[in-house]
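Q: Please take a close look at a single part of this structure and describe how it is placed among its surroundings. A connected account for a reader new to it would be welcome.

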Amino acid sequence: MKPGFGEVLIAEGDVDLAADEERLVREFRRQLDAGLWAAVPLADAHGRRESRMVQRFDEIPRDAERVIFFPRAAGGR
Amino acid sequence: MLLALAATALVAIALLSDLILPRLDEGWRRLRARRRRLPRLDYDPGRELRAEQRARELLRSCVGEEEWTMYRDLGFIRVWGRQADGPEGSRRSGGAPYAYLVYPHRPIVAYLAQTHRLLGEYCIAFPDETRPYGSARLPDSDDVLAKWMALTGDERRLIAMANMHLPGRQLDPEQVRRDLWRLSQWERRRMRDAAHRPAASSADASA
């Protein structure tokens with residue numbers, strides 16, 4: 001998510017392919033190093049939607065469709 | 001005589017150089033900065049609209065159908081709280097169910113689900129300091145989605161980071177209560193529609 005852009009595709013790939021996974025891990029780290037938060041939208045057993053905040057690549061479920069990066073929260077006015 | 005005056009002037013200049021040189025340097029830098037051509041960061045309504053449309057699609061694809069229609073129809077999303085004794089820092093819920101109203105670019109409001117008593121306002125922002133278009137502000141729907149993800153993903157952390165205020169600091173409590181009333185009306189209508197839908201579809205089938 002970015003001001004003036006909305007959704008921007010950063011990287012995509014298949015985690016079962018080593019080269020793709022390496023690239024995804026690299027991009028994941030780059031976004032977190034830039035200070036962004038990462039979340040994975042999920043559905044629970046009852047179909048209710050929620051998200052999981054992740055800080056490491058291995059916390060992302062293998063079948064996750066996407067990871068969303070967004071600016072870190074700060075106390076507002 | 002002339003030599004003595006010149007020597008005195010040189011000594012005076014040398015002594016004053018510590019004061020004069022930084023000012024000259026600063027003046028030169030200011031002059032250069034004024035001349036430098038800065039990129040124009042004009043507000044572009046078309047770009048903002050496209051960004052908002054993309055953000056709405058993303059929000060729709062992440063939250064449930066109920067939350068999406070709630071946002072589309074009412075302009076906010078309700079997120080149920082999960083902490084045993086209510087949100088940190090506010091008037092505690094005493095174990096009663098509570099929820100948050102999530103508005104775009106406005107504080108999150110916590111309230112008791114049954115009595116609609118307001119518990120607190122949580123001011124939170126997601127500033128993008130890269131300011132790609134001179135603004136740190138996400139599109140409205142992205143702001144709602146960021147709050148939804150942070151609340152459902154780690155409610156305690158988000159609430160701890162927020163600036164907590166008593167109800168009424170930024171949002172008019174009467175307006176919030178009206179929104180809660182609109183929400184209850186909206187839910188009743190949905191339940192009524194859902195109850196009528198199977199009957200209508202079976203009637204269609206028999207006809």
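A: In chain A, the loop between β2 (49–54) and β3 (68–71) contains A:Arg56; here helices (H or I, at least four residues) and strands (E, at least two) are DSSP runs, numbered from the N terminus. The model is a predicted one, in which local features need pLDDT of at least 70 and side-chain atom pairs count only at pLDDT 80 or more, while totals for chains, interfaces and linings use all residues. Residues are numbered from 1 along each chain as its sequence is written, and chains are lettered from A and ligands numbered from 1 in the order in which they are written.

With 11 other C-beta atoms within 10 Å, A:Arg56 is exposed. The term rests on C-beta atoms placed from the backbone: a residue is buried if 20 or more others lie within 10 Å of its own, exposed if 12 or fewer, and partly exposed in between. From A:Arg56 to A:Ala38 the C-alpha distance is 9.2 Å, although 18 residues separate the two in sequence.

Strand β1 (residues 36–43) of chain A runs antiparallel to β2(A), and 6 bridges join the two; strands are said to pair if DSSP finds at least two bridges between them. The open sheet has 3 strands in the order β2-β1-β3, with antiparallel pairing. Its edge strands are β2 and β3 of chain A, each of which pairs on one side only. On average, neighbouring strands of this sheet are turned by 40° against each other, direction ignored.

Helix α1 (residues 18–33) of chain A lies across β1 and β3 of chain A and runs at about 125° to β1(A). Such angles run from 0 to 180 degrees between N-to-C directions, with axes being lines fitted to C-alpha atoms, for helices over the stretch in contact. α1(A) has 16 residues and reaches 22 Å from its first C-alpha to its last, close to the 22 Å expected at 1.5 Å a residue; the expected span is 1.5 Å times one less than the number of residues. After α1(A) comes A:Gly35, with a positive phi near 95°.

A helix of the other chain also meets this sheet: α4(B) packs on it, touching β1, β2 and β3 of chain A, and makes about 80° with the direction of β2(A). Between the chains, 34 residues of chain B are in contact with 23 residues of chain A, contact being defined as C-beta atoms, placed from the backbone, that lie within 7 Å. On the side of chain B that touches chain A, α2 (45–62), β4 (118–125) and α4 (140–161) of chain B each supply at least two residues. The most comes from α4(B), with 9 residues. That side of chain B divides into 21 nonpolar, 5 polar and 8 charged residues; Ala, Val, Leu, Ile, Met, Phe, Trp, Tyr, Cys and Pro count as nonpolar, Asp, Glu, Lys and Arg as charged, and the others, Gly among them, as polar.

Strand β4 (residues 74–75) of chain A and β4(B) run antiparallel, joined by 2 bridges, and A:Ala74 stands opposite B:Ala125. Because 7 of its 8 residues are buried, β4(B) is largely enclosed by the rest of the structure. Within chain B, β4(B) pairs in the antiparallel sense with strand β3 (residues 108–112) over 4 bridges, and B:Gly120 is the bridge partner of B:Ala110. The hairpin of these two strands has 5 residues between them, and there B:His116 takes a positive phi near 65°. Strand β5 (residues 163–165) of chain B is joined to β4(B) by 3 bridges and also runs antiparallel, with B:Met164 opposite B:Tyr122.

Neighbours within four places in sequence aside, the contacts of B:Ile77 include B:Val102, B:Val144 and B:Trp148.

Key:
Two residues are in contact if their C-beta atoms, placed from the backbone, lie within 7 Å.
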